[in-house]
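This briefing is meant to be read beside the sequence and the structure. Please keep both in view while going through the points.

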Amino acid sequence: AVFYDPNLSEAYYELGIIYGKRSQYKEEIDSFQRLTKLDHTNAEAYLRVGVDYFKNGELDQALRCFRQSDRNKPNQPDTLYYFAKVYEQKEMYPEAVYHYVAAIILGSTRLAEICERIWFISKIPNQLQMVLEQLMMIKTTGRDALWEEIDQYIKKDTPSGFRRQSDKALQ
């Protein structure tokens, strides 16, 4: 479709998805960047370009895309998750933990992975107190049980895989 109508933004989106599934990240970035030029408000396109930049190690470019995605559609758990991953890579641990915790609060489906990343950050010298303070954000949302489970997990010696008590009861 983009060959017939180069202004058709949906076609660039679909083409970007196809390139992504084929791990053709340069082409995927190109498709989503063309989409963002046609539709500056498409948060998903900015997120996808940012993820590709992240995968390519272009952290500052990734952050710019995530910021634009967040401006267009604020407080999305996936955007916050990728913000956190970039900040963690840049060794900006307070920012990373803040965004991981915010993603948890907003209902991220990546809870186990996020808890494991927070656990690893908590084991870096001089980071535990900051991690525990950031985790208090969860408690202030009235989700004391979740806070307690994550708090106990962070205090473990090994990251044995975070699983909520409610998840264990389902088995």
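This is a predicted model: local features need pLDDT of at least 70, side-chain atom pairs count only at pLDDT 80 or more; totals for chains, interfaces and linings use all residues.

Residues are numbered from 1 along each chain as its sequence is written, and side-chain values use heavy atoms, with hydrogens and water left out. Helices (H or I, at least four residues) are DSSP runs numbered from the N terminus, as strands (E, at least two) would be.

**Salt bridges**

- Seven salt bridges are found in a search of the whole structure, a salt bridge being a side-chain nitrogen of Lys or Arg within 4 Å of a carboxyl oxygen of Asp or Glu.
- Glu44 and Arg48 form one of them, with their closest N and O atoms 2.8 Å apart; the two residues are four apart in helix H3 (residues 43-55), and are therefore separated by about one helical turn.
- Glu44 is partly exposed at a relative accessible area of 32%, and Arg48 is likewise partly exposed at 26%, where buried means under 20% relative accessible area, exposed over 50%, and partly exposed in between (1.4 Å probe, protein chains only).
- Lys85 forms a salt bridge with Glu113, the closest N and O atoms being 3.9 Å apart; because Lys85 lies in helix H5 (residues 77-89) and Glu113 in helix H7 (residues 111-122), the pair ties together parts that are 28 residues apart in sequence.
- Lys155 and Asp151 meet through their side chains in a salt bridge of 3.0 Å, N to O, and Asp151 is buried, with a relative accessible area of 6%.

**Pockets**

- A pocket is an open set of points on a 1 Å grid over the protein atoms alone, where a 1.4 Å probe fits, with protein on both sides within 12 Å along at least five of seven lines; lining residues have an atom within 4 Å of a point.
- The largest pocket holds about 220 Å³ of space, a volume being the space filled by probe spheres set on the points, which are joined across faces, edges and corners.
- Of the 14 residues that line the largest pocket, Glu28, Arg48, Val51, Asp52 and Lys55 lie nearest its centre, and H3 supplies the largest share of the lining, six residues.
- The lining of the largest pocket divides into five nonpolar, one polar and eight charged residues, with Ala, Val, Leu, Ile, Met, Phe, Trp, Tyr, Cys and Pro counted as nonpolar, Asp, Glu, Lys and Arg as charged, and the others, Gly among them, as polar.
- The second largest pocket holds about 170 Å³; residues from H2, H3 and helix H4 (59-72), two or more from each, contribute to its lining.
- Four nonpolar, four polar and two charged residues make up the lining of the second largest pocket.

**Helix H7**

- Leu111, Ile114, Cys115, Ile118, Trp119, Ile121 and Ser122 are buried in H7; seen down the axis, the buried residues fall within an arc of 165° (taken from the directions from the helix axis to the C-beta atoms), so they line one face of the helix.

**Loop residues with positive phi**

- Asn75, in the loop between H4 and H5, has a phi near 60°, a positive value in a residue other than glycine, and is partly exposed at 47% relative accessibility.
- Asn126, in the loop between H7 and helix H8 (128-140), has a phi near 70° and counts as exposed at 76% relative accessibility.
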